[in-house]
Structure formats: structure tokens, C-alpha cells
Amino acid sequence: MNEGGLVLLAILLTSLVPGLVIFFLAEASVLLRTVINLAGAVLKLLLVLWTMHQVGQGVIYELRWPFLPGLDLVLRADHLAVFFGLLSAGLWLLTTLYAVGYLEGSPNRSRFFGFFSLCVFSTTGIAFAGNLHTFFIFYELLTITTYPLVVHRGTAAAFQAGRIYLAYTLGGGAVLLLGVVWLSVLAGPVDFTQVGILEAVYTQQPSTLVLVFALLVAGLGVKAALFLLHSWLPIAMVAPAPVSALLHAVAVVKAGAFGVVRVVYDVYGVGLLARLELDLPLALWAAMTILYGSLMALRQDDLKRRLAYSTVSQISYIVLGVALLGPLGTVGGLAHLVHQGLMKITMFMCAGIFSEVHNVKKVSQMAGMGRRMPWTMAAFSLTALGMIGLPPLVGFYSKWYLALGALESPYPAFALVLLASSLLNAAYFLPILYAAWFVAPSAELPRASRPGQETSWMLLLPPMVTSLLVLGMGLLAASPFSPLVWAIRFAQGEHGP
Amino acid sequence: MSELPWIVWVVLTPLAGALLAFLWPAQGVRVALLAGLGTGVAVLGLSLQLAQLGAQRYAVGAWDPPLGISLYADGLTAVMLLMTLLVFAPTLVYARAYFKQTAHLFWSLGLFLWAALNALFLSGDVFNLYVTLELLGLSAVALTALGGQSQALVAAYRYLLASLLGSLSYLLGVGLLYAEYATLDLQTLGQVIGLDPASAVALALMATGMLLKTALFPLHFWLPPAHASAAAPVSALLSGLVVKGSLYLLLRLWLEFFPETTVPASSLILGLLGAGAVVWGSWQAIRARRLKFLVAYSTVAQLGYPFLAFPLLAAGWDALAALVYFMLSHAAAKAAMFLAAGSVLRAFGQDRLAELHGLLRVLPLSVAAFILAGISLIGLPPSGGFVAKWLLLEAAFATGQWGWALVTLLGTLLAAGYVFRILTRALEDTTLSDRPSPVPRSMELTALLLAVASLLLGLVALPVLGLLEVGR
């Protein structure tokens, strides 16, 4: 094992070990638990940043463990891996802070934070998985570790949601497994570095490859909440706010989207997909999901459900960008992987604050919220505008590149889908902003003037940071550490400069 | 080291322990633990020997067959012996805390069962296999009856009848074979056997006997009551190991007599029955009202998976590896579940699923054992069950027999159905109905240990499969 492999192992252990230790801590030892949690999160972030630096220098870390004859478990820190790894490590740190504040005084916190850490362990594994079956292993681990978080509240509704969540995700996992095994029987271990490996299969049985692709995308599509496979997502909203934030921004839905990205670029390869003519069906499915999610979001009064349907729609931006198979679509889709994470996590954390402090859970109750909680509402508004795609916020860059990608592709009509979706985004977010800032609240409440007064700093700081990132990464979109630049660099590697 | 006749000690140590524990009941616990240690050393010694020197044949008392008894060990034997050790060692430690009085028949019977199992795995001829099978069945029935309640006695009686019927059917087959070929040695038989009517009838009789003893659907009727009403350490041994004894025998016959006598229909029938077991057993587990019945029906379901591999055995190595890995990971996982269920019974005095309030708060380690073992039973990564499923799926795809792959995946979802029933019950945040009794820590820890083992089996597949290849 080389030094780089140890770094990758350490990145996984920084959340596995805290997770296991926390299970054994007494409920009352809040300080110790928080210290362990945050220490793990900070260490992980530093290690991922170091790995990212190395990737920038052209050094690729790798770790192998023999699993079955001819099959290795591989962790590998390539461009995409650190891209997603940094997103999950960074947002985990903030969400942990938020969750500590959010769950203050509630029962079963050791259990919660134990599974919370295991969930991030799985997500990091997904990010750094170096081949398809390693990816699958962490993908299934994610299902197991998120279930206790979804049902954490212990109510009948929570268990009902948990059952549906399990049925969907385990079903998706089974379909994915079918695809993964089939592929490895056809072509041997599918390492993400050997894109050309399926060419030999293509010459003999192209239709099998189409079928396997359908299995893989259907399996991944459950977690990515593609149209018809998405129903679990709005129902899983019964989970506590930090869980929803994590599920929507980094963990579950992103794992599905990231999987699609891997399958398209690193398993099949852009060229092969174009020859198999799979780009149009995938893009159509994504487009349908985008429009459906937005339309459904429009009809929800429950704030978290509106956000959930918005996620359904936004995740498919990533899939659409990838399905267009051109460099500009790639840039848009990948950048959106990070951009959507930043924006959606902010909105969910804000929604959590609204419901926690003022018991406001519905869009129709938002009147005057800007006056009651100006800082939280400011963060929410900024990211909502970002979602709509207002420059110079990060959402604008996603949409800009996606639209360019559509226009350069053989199917320019998809640009219209993006346009329509943006209008719908505006239609379901702007009324919230209008009510919050310009409508007087039904009952006059004391105004908060300083951030400390509207809620605890642990709740407020994380969404403030992420919303500033939404602005900052938009303003500094050309700086070397912006997700956009990384996406462009990846696209250059993939499609040529 | 490598010259020692470990192969003999593997049988003699537990046998001597059983006799000592019977004659000296006051020291039963100590004798059992010492004998367990000794057997463990012998099994490890033999496994190393096999890995270094290849398959071993040993003529007891230097009398060669056909007159003497010969012991035979290859990689498959070694994996089975290690599986038995893996389940027995923690179960003995668990039983020390579980059985309150020391002078208990469990120790001598348990060790006797161990000796019978090891002898079964080492037997090289079809008649010795019958003898060990009978010894195994009788000690298992006696252990089942140990509980002493009327339920346990009725279940044990039914178990006895099924077991005797199974052995009898097998013995008839052996008689027919002997009449025709005048030899009982497994390898010699394998060389001369052909597909004539008498051999076919003999093999069908032998196989049917084994199916009854392995409780393959629809011959599983005796298993759930027996496994659910026995004492917890006994249930762990019965579900984890005893049913594997007859399954091993069937596999051994299959491997020796293959391909001369195998008609495609027979493997297809085994596969279909396996599929029936997976679906029916899981469904009954999902509907079970009591925890131990849930776990017992899960055994019925899980025993179906190895049979799914039979139609694929002809294709090569993957299917055999899958079959053995199913046996191995199920042994560890199911023993863990039964031991944990014993802790639940001890704490709550009953195991009705609807009334186990506050399970997680009372027995967090046992719940952890349930979940980890459950992950292996469902076949989620990185458990031993996942490796087995992966190998089976590979074999199915490689031979184009998609049907078995689909059954496996269906079984995955159904297993998730009953495993998550336990987890859901545990996560429910209800107040305790009454004060639970204390459970010794060693009971909880041994169950957890086995559950962790079933999970880690997924990460050490290469060395295990490497050992399995010895002599193949």
C-alpha cells in the first residue's frame, strides 16, 4: 500500500471511526460527541483538500484490496472523485454543525450522529470508488445507513416513509446489481480508468449493452429520483431537517446522479453511448423529470415538499447535461452537481429553522418571515434566486452552460426545456420571497436585528456560509478552486480542449 | 507440525470431550471449553496442512479400504470444519452464561454433535457417512428436547421422525449401490457408477433423504417448530450447522458422481425447489408473529439459495464457490440471530414481535447483532452473503440462466422485508411495558461477534475460496 492509498483510507476512516465510536457514547456526553464529530469532519475536509491538490499536480492516489478472483475493490482519487468528495466533505462539516444545534435536547442523538457519520462514510466511498462494483458496495451501504435517519422521528408516518424509501432504494439496488454483474461477466472488472473496455463487447452484442445500460440507469435513477422512480423523495421529507439537507444535497440523490455520470463517462464512454444511440432517451427522461418536478413543486403548499419536488427537477439538470454528450453540457451538468448541493442544502437548513423556531412549515405561512428572521430569509432568498438562475449566482452558470450544451448538441430543443424550467422555478420560488419580504405578517412579532437573536448561531452559521458560497463561487467563477473551473478541466480531459 | 495426524484429532478431541463431560457433569463447562479449544487447534492445524500439502487421505489404524475406515479431507472439508468451529466456539461461550446449572447434558451432547459433524465432513465412504449422519441426527434431536417443555418435546419428536426417515431413505440407497458395485468407497464408486435404473433409484433415494434432513421446501415442515422451540444455543447449532451436514453430503455425492449420473432434470428440480424455498420461507418469515419463528423461517428461505447453485454447478467453479459461501455466511449469520434471539427471550420472557417494546434501549448489542447478521442474510455488501450472491449471479449470467438471478434478487427484497421488521421494531421509541430481566454481557457479545464475522466474511473471500480449491 502506498502513501496515497493510506490517505484515501484515512478519508474513509475519518467518518467510519467517529460513527462507530459515537454509537457507544452516552446520550448525555454532548461535548465529547460534538468534538469527535467535528474533529472527524475537519480532518476529512483537510485530507480531501490535500488529495485535490495532488490531483491538480497530476498525482492520482489509489488503493486496492483483492475481493474475489479477478475483482479488486478499488479506491481512486481522480478528477471526478475529488470533485464529489470535496462537496460531501465540505457540506458534511456544515451539516454536522447544524445538526448539533438542531437536535439540541432531543432524544437518541448518539444513534442519530452515529448513522449520520456512517452515511457520510458511504457517500465518500461512492465518491472515491474506482470501479463499478466498489461503487455498488458503497451505494448499498448508503441505503442501509440512511434508513435509520429517515425514520429517526419514530412516528407512524416516519416508519411508513421508511418502508417506501427502502422498497424503492433496495429495489433500485437489486436492478443495479443485475447490471453490474452482467457487465462484469461481459467485460471483466469495470475499472473507471478503462473506458474502451466495452468496445469489444460492442462489436459482438450491442443490444446487450443497451439492456445493461437500461438496468444501470434504472437502478441509479431510483436514488437520482428520475421521473416515475421519484415518489420516495417527497415522502422521505418526514426526516429531520439536517437529514433532508444531506439527502438532497450530497448523499442519496447525488449518489444516483454521480453514478449516472460515472456510467456515462467512465464505463460506457461518450463515443460508445452516441453509437448506441442512448443519448436521446436519457436526455428525454431527464427533460421529462425536470418539467414534471417543477410542475409538481408549483402545487405544493408544504415548504419541504416544494423543495423536494424542486430537487427532483434540479437533479435531472445533471443527468441532462451528461446525456447531451457534448463538452459544454458536461461542464453545466458537473458544475450543477456542486451548485445544486450548495443551494439546496441552504434552502433545507433555512426551512428547518423556519419550522424549528416559528413552527412555519407551509408556504402560505411565510408572510412577513423576512421581518421576523431577516438573516435566515436573506440566505434563503439568495439561493432561491440562484436556483432561478439569476447572474452572478452559481445557478446561472449551470444553466448557461447547460443551455449552450443543448444548443451545440443535435437536439437544441432541450434549451427550451431549461427555459421553461427556469420560468417554473421563478413561479414557485418568487411567491415565497414576495410573501416573506413584502406581505405583513398576520401577527406582529418582535424583529430580530442581529444574527444572534433570531436563532442559535449553530443553526444560522451553516446556511449563511453556504449562501455566501453561492454568491462567492458565482462571482469568482473563474478562480482555480471554483467548481466550474474543475468541471471545465474535466470536460477538456474527456472531450479534448 | 505438518506431519501430525490432525485429521484424527479433529474427530477425537470433541468425542473425548463429550465422554468426559458425560462422566463428570460437574465440570461440564470446563471440559467443553477445553475440548473446544483443542478441536479448534486441530481444525486449524488440519487446514494449514491441507493448504500446504493438498488433499489428505488417512486410513484409521492403517487398515486400507475396503476393510478399514478411511478419512478424507480436501478444501471443501476444511471450509466446512472451519465453519463448524466458527459457530461452535462462540456458542459454547454463550451457553456458559445461558445454562444456569453446570451439570447439564448440553455439554456432552453438544460436543458429541460436534464430533459427529466433523466425522461426517471427513468420511470418505458412503456407509460411514450414514453412520455419522445418524449420530448427528440423534444428538441434534436430543439437544432439541433439552428444553423440556411440551412444545420442545413435540417438536423434537417430529424432528426425530423426519430425521430417521431421511437416514433410512439414504441407507436404502446405500444398500442398492453396494449390491450393484460391491464397494462403499466414495471415490471408487465415483469411478464405476453409471446411469442404470438401479443406480438412479439409489441416488434418488439418497438425495431425497438428504433433502428431508436439510429441510428443503416442501420438506421443511419439521424445521420451524424444532428450531424455534429449542434452547438458544441449540437453535444456533441446529440452524447454523446441522442442516449443513446433510447439505454437504448431498453436495459431496453430487461432486463425486457428477457428471456420469446427473440428468439435467435433477438439477433443475433442485433449483426449482430452492426457488420455492426462498419465496415461501421468506414469506412465512415476513408473516411470523414470534421472533424465533421469524428466524427459523428465514433458515428455510436461506437454505434455498445453495440449491439455486445446483443447476449452475456444471458450468464451473463460480457456482460451487457460491454454494459454499452461502452455507458459510448463513452459518455465522443465523447462529448470531438465534443467539441474539435467546438474549431477547431472556430479557423479555417472551418473543412476540408486537410486544418487544424498547428493544434497542434494553439490548443495543443484540439489536446490532440482528442488523449486521441481517445484512448478510439480505446479501447486502460487504457481507459474506453478498459475496455468495455475487458469485451466484455471475454463474447465472455466464451460463445465460437468468431465471436463477431473478430469484436471487427477489429473495434479497423479501429478506429485507423480514430483517427490517426487526429493525423497525427496535427503532420504535416506546416506553418499556415491564422491567426486563438482565442479560449477561457475554451472551450479547458472542452473538455480536458472530454477526460481525458474517459481515467480514465478505472481505476475506479470496483466502477462503483459495482453501476451497485444494484438491479440486
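**Helix packing, chain contact and local backbone features**

In chain B, helix α17 (residues 384-398) packs against helix α18 (residues 402-427) at an angle of about 155°, with the axes 7 Å apart. Axes here are lines fitted to C-alpha atoms, for helices over the stretch in contact, and angles run from 0 to 180 degrees between N-to-C directions. Helices (H or I, at least four residues) and strands (E, at least two) are DSSP runs, numbered from the N terminus. This is a predicted model, where local features need pLDDT of at least 70 and side-chain atom pairs count only at pLDDT 80 or more, while totals for chains, interfaces and linings use all residues. Residues are numbered from 1 along each chain as its sequence is written, with chains lettered from A and ligands numbered from 1 in the order in which they are written.

So α17(B) and α18(B) run roughly antiparallel to each other; angles over 145 degrees count as roughly antiparallel, under 35 as roughly parallel, 65 to 115 as roughly perpendicular and the rest as oblique. Their crossing is left-handed, meaning that the near helix is turned anticlockwise from the far one by less than a right angle; clockwise would be right-handed. On the α17(B) side, K389(B), L392(B), L393(B), A396(B) and F397(B) meet W402(B), W404(B), A405(B) and T408(B) of α18(B). Residues are in contact if their C-beta atoms, placed from the backbone, lie within 7 Å. This contact of α17(B) with α18(B) is made up of seven nonpolar residues, one polar and one charged. Ala, Val, Leu, Ile, Met, Phe, Trp, Tyr, Cys and Pro count as nonpolar, Asp, Glu, Lys and Arg as charged, and the others, Gly among them, as polar.

Another pair in chain B is helix α2 (residues 28-53) with helix α4 (residues 105-122), which pack at about 15° with axes 9 Å apart. α2(B) and α4(B) are therefore roughly parallel, and their crossing is left-handed. Here G28(B), V29(B), V31(B), A32(B), A35(B) and T39(B) of α2(B) meet W107(B), S108(B), G110(B), L111(B) and W114(B) of α4(B). By class, that gives seven nonpolar, four polar and no charged residues.

As for the whole chains, chain B has 20 helices and two strands, and chain A has 22 helices and two strands. The C-alpha trace of chain B spans about 70 × 55 × 40 Å along its principal axes, while the C-alpha atoms of chain A fill a box of roughly 70 × 55 × 45 Å.

Where the chains meet, 23 residues of chain A are in contact with 23 residues of chain B. On the chain A side, β1 (62-68), α5 (132-150) and α6 (156-187) each give two or more residues, and α6(A) gives the most, with nine. The chain A side divides into 19 nonpolar, three polar and one charged residue.

β1(A) also pairs with β2 (residues 71-76) of chain A, in the antiparallel sense over six bridges; strands pair if DSSP finds at least two bridges between them. The two form a hairpin with two residues between them, and G70(A) in the turn has a positive phi of about 80°.

Some backbone details sit in loops. Most residues other than glycine have a negative phi, and most peptide bonds are trans. N108(A), however, has a positive phi near 60°, and lies between α3 (79-102) and α4 (109-128) of chain A. The peptide bond from P391(A) to P392(A) is cis, with omega near 5°. In chain B, a cis peptide bond joins F217(B) and P218(B), with omega about 0°.

Key. Two residues are in contact if their C-beta atoms, placed from the backbone, lie within 7 Å.
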